[in-house]
Amino acid sequence: MNNETQIVKGILEGCLLKIISKQEIYGYKAVELLNAAGFTVNEATVYPILTRLQNKGFLKIEKRPSPYGPDRKYYFLTSEGEDSLKAFEQSWFKINIIVNHIMEGDRNDQA
Amino acid sequence: MTKRDKFLLLSSILLACCVIVTAFLGIKMQPEYHKGNLEWFPLIAAVLIILISISSVLLVLFKIKKLHRGKAEGMLTGDYYRHYEVIRDAIANSQLSGNQKKEIKEDLLDLLISAQRAGKDATMVIGDPEIFAMEILHSFAKPSRFAILSLFDGMIWFLAFIIGVNTFLWLENIEQYYFRITISANMVILFFIISFILIPLTRKLTSTKNPWMFMFPLSFGFAYVILAEVLRRYFYSFDSVRWFLDGQLNLISSREMLVCYLFIIAILAVSKKLFRSKLLR
């Protein structure tokens with residue numbers, strides 16, 4: 001697995017936690033929301049991340065009847081999930097500033 | 001019935017045929033010394049084996065029909081169903097618990113039915129189904145943890161084979177002393193290979209896209225018999241080959257040892273359950 005994929009997966013975990021903190025969602029809806037936000041992800045990428053977050057105890061689930069097929073799983077944040085989201089936000093803002101600083105510095109050097 | 005189902009059914013029919021033929025040969029070639037006591041046992045055993053073989057084919061057929069009759073599965077069509085059955089088999093053959101498998105199956109069906117209804121292309125949604133299945137399993141644990149659980153299974157299978165065959169041989173001639181029964185070395189090695197290599201490998205291979213993989217256990221069985229015959233014909237002068245072909249091992253030599261075997265099986269089963277709840281989260 002290349003570095004880019006690993007980085008994107010880490011970012012997607014944080015983004016999914018944020019999305020779930022704002023509204024109750026199910027797997028397919030999560031894919032739709034991420035793509036609407038600008039990512040290009042499919043169900044095969046998002047579902048394992050949701051499972052991992054659930055297994056880590058960051059998400060709890062509730063099953064509700066679905067209009068088609070079996071019961072649908074809705075995801076909610078647990079308190080550990082909220083803590084993880086806070087930690088992600090802090091790291092993300094910090095990394096964002098550092099990376100931007102380096103990239104802009106590089107651009108200034110080129111100019 | 002998909003191509004994958006046809007291969008599965010064919011492999012079960014071939015396997016059943018092989019077992020039935022072997023059972024018939026077993027009756028025909030029954031040694032004289034077995035005929036004095038419990039003469040009826042080999043016949044009863046052969047009839048039972050034949051019935052079990054036929055039932056196994058019917059069970060496979062029933063399972064295939066049931067899967068296709070399933071309301072939710074029936075909603076998936078074309079590539080969606082083809083990809084889904086690869087993922088479903090990979091999850092079903094994994095070391096996850098029954099509840100975890102059921103939950104994943106329901107999630108997948110909801111996800112795929114929703115995507116199909118939205119008119120998305122199956123390959124765009126799933127990508128490579130083998131990789132998708134692997135990613136799902138990795139979201140529970142690293143592959144090494146699954147390997148540890150397979151090792152537990154291997155040990156349980158191996159001990160169960162030994163006790164099962166010992167008991168079967170004893171029933172063939174009930175006047176023998178149970179704890180003096182010997183099993184041929186090549187059978188013990190075969191049980192070891194089946195328990196620790198063939199079963200885990202078959203589980204892994206049947207979760208790939210290639211339906212020919214269902215033929216792997218049968219091919220292995222044939223290869224093992226051919227290997228034994230080649231060794232007997234060309235390499236019999238070697239001590240190790242003679243031991244492999246004709247050597248006899250007394251693996252349950254006392255009552256204490258039998259109790260020990262049963263106790264270890266129980267401990268392994270309980271440990272596997274505990275380890276699974278710790279390792280796969």
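Let's start inside chain A, with two strands: β2(A) and β3(A) run antiparallel, joined by six bridges. One pair to find on screen: E62(A), which sits opposite Y74(A) of β3(A). Keep in mind that this is a predicted model.

Now the rest of that sheet. It is open, has three strands, and its order is β1-β3-β2 in chain A. Pairing is antiparallel. Which strands form the edges? Those are β1 (25-26) and β2 (59-64) of chain A, and each of them pairs on one side only.

Step back to the whole of chain A. It holds four helices and three strands. Along the sequence, the pattern reads α-β-α-α-β-β-α. Why call this chain more spread out than a compact globule? Because its radius of gyration is 17 Å, well over the 13 Å that the globule rule gives for 111 residues. The C-alpha trace of chain A spans about 60 × 30 × 25 Å along its principal axes. Of the 111 residues in chain A, 28% are buried. And take the contacts in chain A with a separation of 6 or more: 42% of them are between residues 24 or more positions apart.

Next, the contact between the chains. Chain A puts in 17 residues, and chain B puts in 21 residues. On the chain A side, α2 (27-37), α3 (43-55) and β3 (72-77) each supply at least two residues. Which element of chain A gives the most? That is α3(A), with seven residues. By class, the chain A side has six nonpolar, six polar and five charged residues.

Over to chain B. Look at helix α7, residues 129-138. Its buried residues are P129(B), F132(B), A133(B), E135(B), I136(B) and L137(B). What covers the buried residues of α7(B)? The cover includes α3 of chain A, and from chain B it includes α4 (78-92), α5 (98-117), α6 (122-126) and α8 (143-172).

Let's take one helix from that list, α5(B). It has 20 residues. From first C-alpha to last it reaches 28 Å, close to the 28 Å expected at 1.5 Å a residue. Its buried residues include E103(B), I104(B) and D107(B). Also among them are L108(B), L109(B), D110(B), L111(B) and L112(B). Just after α5(B) comes G119(B), with a positive phi of about 80°.

Key
Residues are numbered from 1 along each chain as its sequence is written. Chains are lettered from A and ligands numbered from 1 in the order in which they are written. This is a predicted model: local features need pLDDT of at least 70, side-chain atom pairs count only at pLDDT 80 or more; totals for chains, interfaces and linings use all residues. Two residues are in contact if their C-beta atoms, placed from the backbone, lie within 7 Å. Ala, Val, Leu, Ile, Met, Phe, Trp, Tyr, Cys and Pro count as nonpolar, Asp, Glu, Lys and Arg as charged, and the others, Gly among them, as polar. A residue is buried if 20 or more other C-beta atoms lie within 10 Å of its own, exposed if 12 or fewer, and partly exposed in between; C-beta atoms are placed from the backbone. The expected span of a helix is 1.5 Å times one less than its number of residues. Two strands pair if DSSP finds at least two bridges between them. The radius of gyration is taken over C-alpha atoms; the globule rule is 2.2 Å times the number of residues to the power 0.38.
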